[in-house]
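User: Hi! I'd like to go through some labels on this model and ask what stands behind each one.

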Amino acid sequence: MRRLGTTSHRALWSLTEKLGVDAVAERLVQHGWIILFGHGICASAFEMVEDDPRHIPVSVFRDQMKYLIARGYTFVTLTEGLSRLQSGEALGKIATLTFDDGFRNVIEFAYPVMVELDLRGCFYPVVDYVGSENLLWTDMIDVVCWYNKGCESLPIEFPDSTHCYSLVDEKAIYHSIKAIKRDFRSISESERIQLFKQMEQLFSKVPHTFIPRDFCLASWDELRSLNPAILEIGSHTISHPNLERVGRVDALRHELVQSKKILERELGHSISHFCYPAGSYNMGVMDEVESAGYRSAVTIKYGTNGHGVSSFELKRLALPSTLAQFKARISGVEGGLMRIRDLFSLKWV
């Protein structure tokens with residue numbers, strides 16, 4: 001199910017908030033265990049991301065969490081939520097935070113709010129990037145595109161042909177960033193690594209001062225500083241590949257097994273939870289995740305979790321960039337509108 005955009009629909013969410021639709025819907029809809037997910041929590045608005053709020057301001061994050069608490073939600077760790085799910089206990093009014101990729105700003109800005117408000121969650125770092133000055137390959141694309149703003153055509157060689165991406169203005173940049181990531185994810189992981197050298201060469205020309213601080217990843221010491229009773233650590237693989245396109249089973253197992261072993265060695269405790277990079281998985285990947293010794297895996301499938309859901313296909317709701325959309329998402333209003341839109345093939349203005 002496609003989510004409604006965060007920028008072009010702000011007026012809609014403001015309207016539903018003013019009309020009190022969210023409050024009414026929340027009383028009518030039965031909700032399961034809510035697992036929220038974000039990537040980064042930053043000090044202020046983050047200009048490199050639109051309609052994909054990977055780094056939202058801490059002030060917005062705080063207001064969203066206070067809203068949930070005011071609505072009677074209790075936060076539980078992923079381990080506790082999983083225990084309730086598997087034992088058949090009640091799942092209403094419980095929530096868990098999750099953060100993908102391992103950005104340092106989660107520890108700097110989100111974790112203190114979690115301590116203050118008694119929140120609980122799970123943090124999924126990409127093992128090869130912990131303590132590294134390198135950027136995730138997806139973030140490298142953002143930086144290269146923004147640095148080359150005004151460029152009429154950015155050519156990149158792919159197996160089928162040369163793909164050209166326009167960077168003439170902000171709208172074109174947002175579109176091209178999504179297209180480049182989609183195109184790289186459509187090929188095998190071995191091809192992506194080889195062809196991505198073109199992007200790495202472009203990135204090498206970007207001044208260090210241009211790279212956003214919010215793209216920095218956490219160190220091992222910073223991960224060790226976290227209280228696992230508040231923010232658990234899970235695995236997000238060794239290198240953040242598209243797991244459906246890794247190809248060889250031994251390569252897939254390396255990503256799953258070695259990331260778990262390294263995290264356990266460095267942190268000194270067991271690692272039970274996994275997060276599929278970019279939500280990419282299939283039944284074969286699920287089986288390998290379970291065989292690797294994990295107890296759960298989270299997806300990017302939209303929704304909440306009721307009894308009967310697989311522990312290795314846990315649904316999540318993304319943290320949006322506004323409080324109004326967050327209310328619509330939590331209450332079920334957003335999901336209801338999406339179902340109506342998809343049912344009648346409507347196009348929202």
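User: Where is the place of Phe123?

Analyst: Phe123 is in strand β6, residues 121–125. Strands here are DSSP runs of E with at least two residues, helices are runs of H or I with at least four residues, and both are numbered from the N terminus. A word on the source: this is a predicted model, where local features need pLDDT of at least 70 and side-chain atom pairs count only at pLDDT 80 or more, while totals for chains, interfaces and linings use all residues. Residues are numbered from 1 along each chain as its sequence is written, and side-chain values use heavy atoms, with hydrogens and water left out.

User: Why does Phe123 count as buried?

Analyst: Its relative accessibility is 0%. Buried means under 20% relative accessible area, exposed over 50% and partly exposed in between, with a 1.4 Å probe and protein chains only. Phe123 therefore counts as buried.

User: Which residues does Phe123 touch, not counting those up to four places away in sequence?

Analyst: Among them are Phe99, Phe103, Leu223 and Ile233; contact means heavy atoms within 4.5 Å.

User: What makes the link between the side chains of Thr96 and Trp33 a polar contact?

Analyst: The contact is 2.9 Å. The rule asks for a pair of N or O atoms within 3.5 Å; within protein, one must be able to donate a hydrogen and the other to accept it, and residues adjacent in sequence count only if both atoms are side-chain atoms. At 2.9 Å, this link therefore qualifies. Thr96 itself lies in strand β5, residues 94–101, and is buried, with a relative accessible area of 0%.

User: How many aromatic pairs are there by the ring rule?

Analyst: The count comes to 11. Rings of Phe, Tyr and Trp (its six-membered ring) pair if their centres lie within 6.5 Å; planes under 30 degrees apart are stacked, over 60 edge-to-face, and the rest tilted.

User: What makes the charged end of Arg192 sit over the ring of Phe196?

Analyst: The charged end is 5.7 Å from the ring centre. The definition wants NZ of Lys or CZ of Arg within 6 Å of the ring centre and within 35 degrees of the ring normal, so Arg192 is listed as sitting over Phe196.
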